[in-house]
Structure formats: structure tokens, C-alpha cells
Amino acid sequence: MSTENLPQSPEQPPRKPRVAVVFGGRSSEHGISVVTAGAVLAAIDRTKYDVLPIGITTDGRWALTADEPERMAITGRRTPSVEQLADSVEGAVVLSVDPASREVVYSEPGSVPKVLGEVDVVFPVLHGPYGEDGTLQGLLELSGVPYVGSGVLASAVGQDKDYMKRVFTSFGLKVGPYMVIRPREWERDAPAARQRIVDFAGEHGWPLFVKPARAGSSIGITKVDGLSGLDEAIAEARRHDPKILVEAALTGREIECGVLEFEDGPRASVPAEIPPPSAHAYYDFEAKYIDSTPGLVPAPLTDEETAEVRRLAVEAFEAASCEGLVRADFFLTEDGEFVINEINTLPGFTPISMYPQMWQASGVSYPELVDRLVQAALNRPTGLR
């Protein structure tokens with residue numbers, strides 16, 4: 001029988017890749033993560049991707065949230081939360097750990113679980129522990145779901161400033177003087193641990209910066225000018241992390257550089273400079289997000305200095321086995337040497353954050369940056385690579 005005269009069924013349009021934007025989380029950077037998610041949701045190309053916003057509450061529950069970026073901004077001096085955005089405080093979102101499925105299921109008490117469909121890629125915009133530190137990345141590896149950014153090892157190294165500095169040193173990158181007080185050391189003999197910090201100050205001078213070893217956004221950091229403020233600084237750091245880092249102050253300019261993975265490998269952006277904030281003792285949380293101390297993009301450096309910091313940023317990216325994106329932070333000392341302070345594998349990502357600004361100045365707009373990261377994740381397999 002001929003099929004020439006039979007009616008032809010219209011071809012179904014190809015399914016758009018589905019992007020789950022995951023944000024919030026259990027860390028002290030919860031609010032900044034929500035702000036970042038709002039910026040990503042506003043920028044992602046809805047003609048090219050389907051988008052599923054998933055928020056993680058401060059107690060670790062996964063929830064469906066409203067796709068309303070305008071509600072995710074800082075209001076006054078307050079950051080938003082997932083709890084404010086969740087469709088239901090009782091509902092729960094579960095990502096399948098079956099690599100053959102990739103399904104997301106939503107359930108509420110007393111209701112039949114609802115399958116929301118498959119996710120093709122996750123764009124995690126969580127900062128700090130339980131999101132940026134390799135824990136979420138490990139879950140996504142088990143689930144077989146591609147994701148934006150670095151893998152488990154690089155994410156863990158990028159979160160733990162102690163091991164980050166050890167990796168950098170092993171690859172020949174220069175870091176500033178620092179010491180670490182681990183939880184068992186403090187619990188075993190706090191006075192002796194405190195004395196080690198005092199001895200460190202005697203060797204390198206005051207002020208010192210006392211900070212949580214595994215936090216970000218300058219949360220929990222205290223600039224300590226002498227013995228009188230030390231105990232309070234230790235308590236504040238340990239409130240966020242039982243492992244603390246103590247750094248000697250470096251005199252110099254704060255220079256940042258973005259790294260983005262292209263098809264032919266990682267490339268560095270034009271660098272930026274963070275000028276000393278006039279109303280703050282250092283570039284703390286308030287200066288970064290509330291008072292928005294503007295950076296200088298591009299940084300006023302010589303051609304030689306610019307080339308050197310871009311080279312070092314890519315070296316740091318490679319040393320930690322990073323993928324996708326990184327912001328590398330340096331001090332340019334008075335003798336003209338770049339000292340790396342840290343990398344951020346999921347840096348601040350609002351349009352006014354330094355990482356997008358540096359790439360904007362390098363010819364990559366914010367929407368293009370989001371799209372490039374999603375495409376890179378879609379093209380990169382999970383598993384050993």
C-alpha cells in the first residue's frame with residue numbers, strides 16, 4: 001500500500017535542554033546565592049533553554065521556587081532567602097541518583113509524588129559549604145547530570161583555603177604567610193593554639209586576618225590589630241567553621257582576574273583592581289554587597305603586569321584542576337610581585353560582581369557568559385575526565 005497520499009504527522013519540535021538553577025543552601029552565604037540565582041534566571045535565554053529553579057533552604061531541604069528574579073534582590077541591607085521564595089514549605093524536590101533517569105520528582109505530604117521531568121544540566125550557584133565545596137558536585141556525579149563549574153576535587157580544594165594554598169605552593173605559585181588551627185588542636189589545648197597565633201604575629205607583625213578556612217564572601221573574617229581583639233576574632237571564625245585560617249597582612253594592591261574555559265582551554269579576562277574601601281577596614285561583606293565598593297575594570301596595570309597576572313590566574317586554574325570558571329585573587333606587593341590569595345570556583349555572579357564585569361570588559365556579555373557556561377557543561381561528561 002502506498003503511503004504517498006496518507007496525511008503526514010507534523011514533526012515535533014526538538015526539546016530544549018532543561019537547566020536546573022540550584023541555589024540557596026546551608027552555608028552562611030545563603031542570601032548571596034539567592035541574589036546570584038536571580039541574576040542568572042534573568043539572563044538565561046528562555047528561547048534556548050527550559051529553566052527549573054530549585055532552592056535549598058537553610059536547613060538543607062530542596063524546594064521548588066517561584067521563577068521570579070525580581071524577588072531575589074537585596075532589599076535595603078537584607079538578603080533574600082529560599083524560604084521566602086518556596087512554592088511550599090512542606091514540599092520536597094528529589095533528584096534521581098539513577099544515571100539513566102535524571103528525573104526530578106516533587107512531593108508533598110499526603111499527595112502522590114509528581115515527576116517533573118528530566119534535567120539536562122545543573123547550574124549551581126551555591127556559595128560555601130554544602131554546595132561549592134564538592135558535596136553537590138559529588139551528588140551530580142552520582143546522578144550522571146552534567147553541571148556548570150569544577151568537579152569534586154577542584155571544588156573541595158577551592159573551598160578549603162588551607163589545602164588550596166598547599167596546592168598552589170606545590171605548583172610554584174607564591175602565597176602569603178599563614179597558619180591553620182584545626183578543630184582537634186583547638187579542642188585539645190586552646191591556650192596552646194592561641195599562643196601559636198601570638199607567636200605567628202610576633203614573627204609577621206600585626207594586623208592579622210582571622211577567618212573561617214572554608215567560607216566565603218568575607219563572612220566570619222576579622223582584621224585583628226592586637227591581642228585585645230584576638231579571642232573575639234577566633235570565636236567569630238569558629239562560629240562559621242571549626243577550622244580557622246590566620247593570615248599575615250600583605251601590603252599591596254588587590255587584583256582579581258577571571259578565568260573561563262573555552263574550546264581550546266582556559267583563558268584569562270582583563271584583570272580588575274579592588275581599591276581600599278573608604279568606609280571599611282578591608283574589603284568585607286558590607287563593602288562587597290551592601291555598599292558595593294566599585295572595582296576598577298580594567299585594573300590600571302602595566303602591559304607586563306597584566307600579562308603576568310593573567311598567566312598566573314590560568315596557572316592557578318590548572319593547578320587545582322578547575323573547570324568552567326574561576327576568579328583568582330592576588331595581591332600585587334610593593335616590590336612588584338603577585339602573591340595569590342585564593343581562587344573561587346563559583347565566584348560572585350551578579351552583573352555587578354567582579355567576575356562578570358571583567359568578562360564584560362573582555363568582550364563577553366553577561367548573557368553570553370551564562371550561555372557559554374551552560375553549553376560547556378552540556379558538552380562535558382560526568383565521571384573521570
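Modeller: Let us begin with pairing: two strands pair if DSSP finds at least two bridges between them. Strands (E, at least two residues) and helices (H or I, at least four) are DSSP runs, numbered from the N terminus. The model is predicted, so local features need pLDDT of at least 70 and side-chain atom pairs count only at pLDDT 80 or more, while totals for chains, interfaces and linings use all residues. Residues are numbered from 1 along each chain as its sequence is written, and side-chain values use heavy atoms, with hydrogens and water left out.

Colleague: Which strands form an open sheet of four, and in what order?

Modeller: The order is S8-S11-S9-S10, with antiparallel pairing. Strand S8 (178-181) and strand S10 (222-224) are its edge strands, since each pairs on one side only. Neighbouring strands of this sheet are turned by 25° against each other on average, direction ignored.

Colleague: How do you know that S9 and S10 pair?

Modeller: Three bridges link S9 and S10 in the antiparallel sense. The definition asks for at least two bridges, so S9 and S10 count as paired. Within this pairing, Val210 stands opposite Thr222 of S10.

Colleague: What lies across S9, S10 and strand S11 (244-248)?

Modeller: Helix H8 (residues 230-240) does, running at about 25° to S9. Such angles run from 0 to 180 degrees between N-to-C directions, and the axes are lines fitted to C-alpha atoms, for helices over the stretch in contact. Contact here means heavy atoms within 4.5 Å.

Colleague: Why do S4 and S6 stand at the edges of their sheet?

Modeller: Three strands form this open sheet in the order S4-S5-S6, again with antiparallel pairing. Strand S4 (92-95) and strand S6 (114-118) each have a single partner strand, so one side of each is left without a neighbour in the sheet. From one strand to the next, the twist averages 20°. Strand S5 (residues 103-107) is joined to S6 by four bridges, and Val104 has Gly117 as its bridge partner in S6.

Colleague: Why is Arg102 called partly exposed?

Modeller: Buried means under 20% relative accessible area and exposed means over 50%, with partly exposed in between (1.4 Å probe, protein chains only). The relative accessible area of Arg102 is 25%, and therefore Arg102 is partly exposed. Glu68 has 29% and is likewise partly exposed; its place is in the loop between strand S3 (62-64) and helix H2 (82-85).

Colleague: What makes both faces of strand S7 (residues 121-124) covered?

Modeller: Val121 and Phe123 on one side, and Val122 and Pro124 on the other, are all buried. Strand S7 is also joined to strand S1 (residues 18-24) by four bridges, and the two run parallel. Val22 has Pro124 as its bridge partner in S7.

Colleague: Which residues of helix H4 (residues 152-159) are buried, and what do they pack against?

Modeller: The buried residues of H4 are Ala154, Ser155, Val157, Gly158 and Gln159. They pack against helix H3 (135-143), helix H5 (161-170) and strand S16 (338-344).

Colleague: What makes an open space a pocket?

Modeller: On a 1 Å grid over the protein atoms alone, a pocket is an open set of points with protein on both sides within 12 Å along at least five of seven lines, and lining residues have an atom within 4 Å of a point. The second largest pocket holds about 230 Å³ of space. Its lining consists of 13 residues, of which Pro129, Tyr130, Arg214, His240 and Asp241 lie nearest its centre.

Colleague: What is known of Tyr130?

Modeller: Tyr130 is found in the loop between S7 and H3 and has a positive phi of about 65° although it is not a glycine. With a relative accessible area of 42%, Tyr130 is partly exposed.

How values were computed:
1 Å grid on protein atoms, 1.4 Å probe; cavity = no way out; pocket = protein on both sides within 12 Å on 5 of 7 lines; lining within 4 Å. Points joined across faces, edges and corners; volume = space filled by probe spheres on them.
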